[in-house]
Amino acid sequence: MNSSDNLIAEWLSDHEASITAVADYIFRHPETAYKETLSSRCLADFLEAGGFQIAWKTAGIDTAFTASWGKGKPAIGFLAEYDALAEIGHACGHNLLGTAVAAAACALKAYMEASGMDGTLLMFGCPAEEIMSGKIIMNRQGVFDSLDAAVTWHPFDRNRVSNDIWQSQDIKNYIFRGVSAHASRSPEEGRSALDACELMNVGVNYLREHVPQDVRMHYAYKDNGLPANVVPDYAQTNYFIRSSKRSRTEDASSRVDDCARGAALMTGTELEIELVGSCKEMKVNRVLSEIYYDAMTRVPVPEYTEDEIRFAAQISEKAGLDNGGIYFQGLEPLEQEPVSISIGTDVSEVSHTLPTITLSAAAMCRGTPLHHWAAARQAGMSIGRKGMLYAARCMAEGTKQLIEKPENLQDAWKFHLGTG
């Protein structure tokens, strides 16, 4: 290694094969929420080989872990995810997300060792992001309370600081219990839990006209396994209720509850409302956004081969992606104001505990939606890997500025607390 200025880049280059192997292994072994046994172990083994100490069952969760290295302040937390989606696999790119976070922590460790710098790096293996759970549990148990800042990223189709207000969310199950009966011989004796679900959903669909524009309410039926000739005594729907402000989410969530209560009253059924998860909207930290954007301006964006461009063109045509034949672009400018987006993450809850930064990197061609087969295809090949390595370097370079200049963290905390 020639100079301290490029230690991070050189470490990532020297270890590219092992970093890629981790991401590929997790991609080939997709595991859903709280079942990420192989994925979490793979990341932990990579970090342990890199000199981190591993502690399992963080916050009492079997597939959560904490990897730590260093001493003293500042204490920087890197937040990794590695859960997949049922059926479709890593269509949110979490195989890349967790791996890049681990690589960033290791590359920064190499820089700090060579520079003789004090500071503690902690990488948290956070399960179950797809069901809005892991980090919320960890945060409520105080796992992140001792940190000075938290750092993460997410695969997207663009390179930018995620200057975004991810949505506040309530996730609820509405469980109706009625009375079973033969649907043809004695339907009058039945009290249909399924009717209650359907009437609730009709009510919610009328409610959509009377909520703010950024409110999202979407649902899915849970299969009760009964045939059509039985009046069902049990039925359940799962709801996601979201907006860009917690107070609006709570108001909409309360009104959805009322729709469920009305449906239970109309059908003579009993209702149970189960809160599966809940989080606030993202608290964007302008100080961190500017620091990491500055770091990103000094990291070269990926370049793509003819084969990769051809692959992007083919998948764009097959998936009907809206990109006008421009598949990749450079670093996008930092917006003057935060941007509301219609998706959520459990990182949002952490952002209210301490200054938190999220970066975005193009791990898929422009126009590719998350939770889509086209995203999964790219997460498992070279396009996704290039975005992963780019994100790792951007996270490490930005975090280096926090460790080398304590005033940056002080300013970030002032902004977080509203005293700056």
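These legends describe close-up views of a predicted model. Local features need pLDDT of at least 70, side-chain atom pairs count only at pLDDT 80 or more, and totals for chains, interfaces and linings use all residues. Residues are numbered from 1 along each chain as its sequence is written, and side-chain values use heavy atoms, with hydrogens and water left out.

**View A. The largest nonpolar core has 66 residues.** A nonpolar core is a set of buried Ala, Val, Leu, Ile, Met, Phe, Trp, Tyr and Cys residues joined through side-chain atoms within 4.5 Å. Buried means under 20% relative accessible area, exposed over 50%, and partly exposed in between (1.4 Å probe, protein chains only). The members that touch the most others are Leu47, Ile76, Phe78, Leu121, Met123, Trp153 and Leu359. Helix H4 (residues 94–115) gives the most to this core, with 14 residues. Helices (H or I, at least four residues) and strands (E, at least two) are DSSP runs, numbered from the N terminus.

**View B. An open sheet of four strands is ordered S10-S12-S8-S13.** The pairing is antiparallel; two strands pair if DSSP finds at least two bridges between them. Strand S10 (216–222) and strand S13 (270–279) stand at the edges with a single partner strand each, so one side of each has no neighbour in the sheet. S10 pairs with strand S12 (residues 234–243) over seven bridges. Tyrosine 221 stands opposite threonine 237 in S12.

**View C. Lysine 135 forms a salt bridge with glutamate 81.** A salt bridge is a side-chain nitrogen of Lys or Arg within 4 Å of a carboxyl oxygen of Asp or Glu. The closest N and O atoms of this pair are 2.7 Å apart. Lysine 135 is in helix H5 (residues 134–140) and glutamate 81 in strand S3 (residues 75–81), so the pair ties together parts 54 residues apart in sequence. Lysine 135 also forms a salt bridge with aspartate 346, with the closest N and O atoms 2.8 Å apart. Aspartate 346 lies in the loop between strand S14 (339–340) and helix H10 (347–351), so this pair ties together parts 211 residues apart in sequence. Lysine 135 is buried, at 0% relative accessibility, as are glutamate 81 at 2% and aspartate 346 at 0%.

**View D. Arginine 261 forms a salt bridge with aspartate 258.** Their closest N and O atoms are 2.8 Å apart. The two residues are three apart in helix H7, separated by about one helical turn. Arginine 261 is partly exposed, with a relative accessible area of 44%.
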